[in-house]
Amino acid sequence: PRDVPVMRPLSREVPKQADTRELVAPTSRRFTSAFDPVPRTHLLSNGRYVVMLTAAGSGYSRCGALAVTRWREDTTRDAWGTFIFLRDAKSGAVWSAGIQPSGIEPDAYDVTFLEDRVEFQRRDADLLTRLEVLVSPEDDAEIRRVTLTNLGSETREIEVTSYAELVLAPPRAEASHPAFSNLFVQTEAVAELDTLLATRRLREPGEERVWAAHVVTVEGTSTGGSQYETDRGRFLGRGRGIRTPMSMIEGRPLSNTTGAVLDPIFSLRRRLRLAPGASGRVIFSTVMAGSRAAVLGLADKFRDAATFERIATLAWTQAQVQLHHLGITPEEAHLFQNVANRILYSDPRLRAPAATLARNTLGPSALWGHRISGDLPIVLVRIDDVEDRQVVRQLLRAHEYWRMKGLAVDLVILNEKPASYQQELQGALEALVRAGRPTLSVTSEGSVFIVRTDLLSSEQLTCLEAAARVVLLSRLGTLGEQVARAEHGGVARRREARPEVAEPPVP
């Protein structure tokens, strides 16, 4: 047939445009101050390379099981991570792209935590500084772009200097003996690529070699040549710390030292000339690879200034795909980042009461009988009713999200319902866990444990509560409600117990 009859649908049969996706503004966490009792944190990761940043600009970088930079849980100084110093060549004023490590308070400060990036913006007099931090989805690399804008009427020359203390070893091995660990790191400079290289000498025949590179790229008018430093002692100076390094305070040029230094760092310096109203950019990249040839190839790739925009697009796309895969909304992702903050830095507002901590007399070995090693941070949720399992379901999603972000956590679900023949709550909890995982196995990336209270002694229960970084109760509401209540200092009120229906008497 040449003609096909056309049937027009009725108006009531036409589907509404409810499935049409609209452009939604990205959800973010914003802070205008970095002076919190517990540093605000954010995690960026491509699944292998992890960057943790605080609202002050500190944090750490890790690649797989190796620590790229040194970090300690120090809420007082918070002076660990990859930093970018700025120095006015004319006045000699020194500050940093974030609050840390210089501690200089700007005229205006704004930090934005997004799922795919972190942005720091500050204004010091007539100079506007913007720092963007990304993790590459396709390489083991991080990239930091500093944009300087001269809002004044005079030309300014600003020295931009990076600083990172190298580790290239497992965090526990480095923390147990940092001075010994530093002896195995060697550095070298590749002048034609504006790159510093570092590698760890092998201690055992079967050990895999690792290489790191630090690259700098300039967009704008640059004066002078590139300077570098790999010796922490020369950069800081005798008797000085990271807040007042001699190379910055006194304006000394970097010594261009490489080799088997006693305390290795990555530090590159370039100088920008900014005309009135003009902007300039300096891009610092840190990459990791398994061979010298591979790391040099990545260094050459990240020397291209256009790489930043490409990585920004890929990072945004990967963030959306990952959240969709895990079934997590952007608001929920920021809630999980908020809880991760309490895992990285101990916060008494979500921990067990001080009386419980003081009452504990046991060590981690008390939990070994329940397969809990105590080597990883513990998130504890207590539940005694099967109808309150929504918070457990949410924490299981949070556990997968933390694993994706490179944060290893042990999630312990404490079944407080009295023992019975049917074990309804125990079966429901095990079904929830197996819905996301085929088995309840112990892994180095964090595990899920279901523990019955009737199998714990009072001393073991106290030890478990004292060891947990975060303690939640299912009866006190959702995860978001409990976190919000802790932040605002509210008093948690336990919901009324559900009345039990009495059975009719037997006639």
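1. In this predicted model, Glu-250 has a relative accessible area of 38% and is partly exposed, and its salt-bridge partner is Arg-252, with N and O 2.8 Å apart. Arg-252 is likewise partly exposed, at 42% relative accessibility.

2. Glu-132 and Arg-117 form a salt bridge with an N to O distance of 3.0 Å. Because Glu-132 belongs to strand S10 (residues 127-135) and Arg-117 to the loop between strand S8 (108-113) and strand S9 (118-124), the pair ties together parts that are 15 residues apart in sequence. Glu-132 is buried, with a relative accessible area of 2%, and Arg-117 also counts as buried, at 14%.

3. Both residues of that pair belong to a network of salt bridges that also includes Asp-116, Glu-119, Arg-130, Arg-145 and Glu-309; over the whole structure, the search finds 49 salt bridges.

4. The largest nonpolar core has 46 residues, of which Val-392, Trp-402, Ile-413 and Leu-479 touch the most other members. Helix H9 (residues 390-404) supplies the largest share of this core, eight residues. Leaving aside residues up to four places away in sequence, Trp-402 touches Phe-336, Val-339, Ala-340, Ile-343, Val-379, Leu-407 and Val-409. Another core, of 43 residues, lies apart from this one, and Trp-95, Leu-127, Val-146 and Ala-198 are among its members.

Conventions
Residues numbered from 1 in each chain as written. Predicted model: local features only at pLDDT ≥ 70, side-chain atom pairs only at ≥ 80, totals over all residues. Heavy atoms only, no water. Core = buried A, V, L, I, M, F, W, Y, C linked by side-chain atoms within 4.5 Å. Buried < 20%, exposed > 50% of the residue type's maximum accessible area, 1.4 Å probe, protein only. Helix = DSSP H or I, 4+ residues; strand = E, 2+ residues; numbered from the N terminus. Contact = heavy atoms within 4.5 Å. Salt bridge = Lys/Arg side-chain N within 4 Å of Asp/Glu carboxyl O.
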